[in-house]
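Take a look at the sequence and the model below.

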Amino acid sequence: MTSSNTSLSLAGALADGTVVLDGGMSNQLESAGHDLSDELWSARLLAERPDAVTEAHLAYFLAGADVAITASYQATFEGFARRGTGHHEAARLLARSVDLARTAARRAGDAGVARPLWVAASVGPYGAMLADGAEYRGRYGLSVAELERFHRPRMEALAGAGPDVFALETVPDADEGAALLRAVRGLGVPAWLSYTVDGMHTRAGQPLEEAFALAAEAEEVIAVGVNCCAPQDVEPATEIAARVTGKPVVVYPNSGETWDAEARAWTGRSRFATEQVKAWRDAGARLIGGCCRVGPEAIASIRQALAAV
């Protein structure tokens with residue numbers, strides 16, 4: 001797979017240097033006035049307001065992101081079915097998430113963005129489908145085989161739309177990481193695997209050394225790392241990921257605020273500072289961006305910080 005305006009693969013770009021990821025999709029949509037208080041979260045807008053999703057991607061490309069992560073994090077056949085959306089239509093919406101990001105990349109090119117742009121198809125954890133905050137706990141009571149059976153069908157639907165890479169993201173549990181690594185085999189799309197962590201452990205409590213080691217020999221995996229974690233957890237996790245796997249590291253923490261699943265709201269204050277970017281890069285990070293509550297202004301600052309080091 002290649003980017004929208006170059007023959008360079010994302011893996012090739014990572015071999016050459018550092019690539020900038022986008023920021024949070026939900027906060028960008030909410031800042032534009034869209035209500036996401038729904039179990040499908042931003043995925044609901046794939047059906048109701050696809051133009052808004054494209055605009056959100058475009059804002060990040062124009063701010064300096066090289067990679068757009070699709071609005072499919074919480075898009076699952078099971079989640080859509082609870083809303084009365086059939087399998088065929090759900091598959092179409094999953095594919096649409098990739099198409100919308102591609103459209104944004106083309107529009108960015110028309111606006112004068114000449115650098116390579118890539119599309120990452122988001123594959124969120126099983127807990128995201130539950131919409132109860134379980135993605136920050138893991139330990140769902142399911143086997144690796146059961147989790148693989150859950151993930152594979154939507155990954156097949158996303159792969160059919162031709163993304164440049166899978167973002168196997170916000171994974172709270174090493175068992176789910178193992179399931180995703182099994183599910184991605186044979187789809188013809190490279191992937192990055194990123195855990196959500198608490199200090200030196202996954203949210204489910206496994207040591208990061210063990211969690212990252214699962215991806216060390218996976219040919220499909222072009223980067224490993226962390227996302228949707230506190231900014232202060234990034235640097236030590238990056239050092240572990242680089243040492244254990246020898247692969248480029250992907251990092252995109254949230255703002256440092258805390259998600260209250262019952263209130264469906266963020267609490268606390270932001271601790272995201274672009275001054276940390278150089279340390280992340282020095283530790284081995286090659287894909288750097290932001291997750292929840294990190295917007296286009298912060299992504300622009302990350303690009304400027306990376307250009308200065």
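**Rings and helices**

Start with Phe212, which counts as buried at 1% relative accessibility. Keep in mind that this is a predicted model. The cut-off for buried is under 20% relative accessible area.

Now turn to the aromatic pairs. Their count comes to 4. One of them joins Tyr126 and Tyr140. Their ring centres are 5.0 Å apart, and the planes stand at 55°, a tilted pair. Tyr126 lies in helix α7 (residues 126-130), while Tyr140 sits in the loop between α7 and α8, so the pair ties together parts 14 residues apart in sequence. Are these two buried or exposed? Tyr126 has 17% relative accessibility, so it counts as buried. Tyr140 is buried too, with a relative accessible area of 18%.

Next comes the pair of Tyr195 and Phe212. This one is edge-to-face, with 5.8 Å from centre to centre and 75° between the planes. Tyr195 belongs to strand β5 (residues 191-195) and Phe212 to helix α10 (residues 208-213), so the pair links parts that are 17 residues apart in sequence. Tyr195 is buried, at 0% relative accessible area.

Ring pairs also build a cluster, made of Tyr126, Tyr140 and Phe150.

Last, the helices. Helix α6 (residues 87-110) packs against helix α8 (residues 144-159) at about 50°, and their axes are 8 Å apart. That angle makes α6 oblique to α8. The crossing is right-handed. On the α6 side, Ala91, Leu94, Ala95, Ser97 and Val98 take part; they meet Arg154, Ala157 and Leu158 of α8. The residues of this contact divide into 6 nonpolar, 1 polar and 1 charged.

Conventions. Residues are numbered from 1 along each chain as its sequence is written. This is a predicted model: local features need pLDDT of at least 70, side-chain atom pairs count only at pLDDT 80 or more; totals for chains, interfaces and linings use all residues. Side-chain values use heavy atoms; hydrogens and water are left out. Axes are lines fitted to C-alpha atoms, for helices over the stretch in contact, and angles run from 0 to 180 degrees between N-to-C directions. Helices (H or I, at least four residues) and strands (E, at least two) are DSSP runs, numbered from the N terminus. Angles under 35 degrees count as roughly parallel, over 145 as roughly antiparallel, 65 to 115 as roughly perpendicular and the rest as oblique. A crossing is left-handed if the near helix is turned anticlockwise from the far one by less than a right angle, and right-handed if clockwise. Contact means heavy atoms within 4.5 Å. Ala, Val, Leu, Ile, Met, Phe, Trp, Tyr, Cys and Pro count as nonpolar, Asp, Glu, Lys and Arg as charged, and the others, Gly among them, as polar. Rings of Phe, Tyr and Trp (its six-membered ring) pair if their centres lie within 6.5 Å; planes under 30 degrees apart count as stacked, over 60 as edge-to-face and the rest as tilted. Buried means under 20% relative accessible area, exposed over 50%, partly exposed in between (1.4 Å probe, protein chains only).
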